[in-house]
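Student: I would like to go through this model with you, one question at a time. Please show the sequence and structure before we start.

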Amino acid sequence: MLKKAYKQPEQDYFTDDASVVESIGETITLVEGNYRNIKITTPEDLILAGAFATSDLKD
């Protein structure tokens with residue numbers, strides 16, 4: 001499904017895989033995630049990830 005979706009021409013409104021797949025008529029289902037499941041893209045994200053890794057807090 002994803003490969004098929006990415007064969008179409010790029011559009012300005014594509015923001016992620018879900019928007020690309022949705023544009024070919026597929027239904028997207030959102031599920032609640034965990035706030036600790038972060039994307040590490042900046043140095044600050046590494047600090048946050050380190051805090052999560054050493055935290056005594058349980059989900």
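Student: Leaving aside neighbours within four places in sequence, which residues is Ile38 in contact with?
Tutor: This is a predicted model, and Ile38 lies in its loop between H2 and H3. Ile38 is partly exposed, with a relative accessible area of 27%. Once the neighbours within four places in sequence are set aside, the contacts of Ile38 are Asp45, Leu48, Ala49 and Phe52.

Student: How many helices and strands does the protein have, and in what order do the elements run?
Tutor: The count is three helices and zero strands. Read from the N terminus on, the order of the elements is α-α-α.

Student: Why is the pair of Tyr35 and Phe52 edge-to-face?
Tutor: The structure holds two aromatic pairs. In the pair of Tyr35 and Phe52 the ring centres are 5.6 Å apart, and the planes stand at 80°. Planes over 60 degrees apart count as edge-to-face, so with its angle of 80° this pair is edge-to-face.

Student: Which parts of the chain does that pair link, and how many residues apart are its members?
Tutor: Tyr35 sits in the loop between helix H2 (17-22) and helix H3 (43-54), while Phe52 is in helix H3. The pair therefore links parts of the chain that count as distant, and the separation is 17 residues.

Student: Is Tyr35 buried or exposed, and which is Phe52?
Tutor: The limits are under 20% relative accessible area for buried and over 50% for exposed. Tyr35 has 55%, and Phe52 has 19%. Tyr35 is therefore exposed, and Phe52 is buried.

Student: What are the distance and the angle in the pair of Tyr13 and Phe14?
Tutor: Tyr13 and Phe14 form an edge-to-face pair. Phe14 is buried, at 17% relative accessible area. For the pair, the values are 5.1 Å centre to centre and 75° between the planes.

Student: Beyond its neighbours within four places in sequence, which residues is Ser23 in contact with?
Tutor: Ser23 is in the loop between H2 and H3. Its relative accessibility of 29% makes it partly exposed. With the neighbours within four places left aside, Ser23 is in contact with Gln8, Tyr13 and Phe14.

Student: What radius of gyration does the protein have, against that of a compact globule?
Tutor: Along its principal axes the C-alpha trace spans about 45 × 25 × 15 Å. Buried residues make up 14% of the 59 residues. A compact globule of 59 residues would have a radius of gyration near 10 Å, but the protein has 17 Å.

Student: How many Å apart are the centres of the positive and negative side chains?
Tutor: There are 6 positive and 11 negative side chains in the protein. The centres of these two sets lie apart by 9 Å.

Terms used
Residues numbered from 1 in each chain as written. Predicted model: local features only at pLDDT ≥ 70, side-chain atom pairs only at ≥ 80, totals over all residues. Heavy atoms only, no water. Phe/Tyr/Trp six-rings, centres within 6.5 Å; stacked < 30°, edge-to-face > 60°. Buried < 20%, exposed > 50% of the residue type's maximum accessible area, 1.4 Å probe, protein only. Helix = DSSP H or I, 4+ residues; strand = E, 2+ residues; numbered from the N terminus. Rg over C-alpha atoms; globule rule 2.2 N^0.38 Å. Lys, Arg positive; Asp, Glu negative; His and termini not counted. Charge placed at Lys NZ, Arg CZ, Asp CG, Glu CD. Contact = heavy atoms within 4.5 Å.
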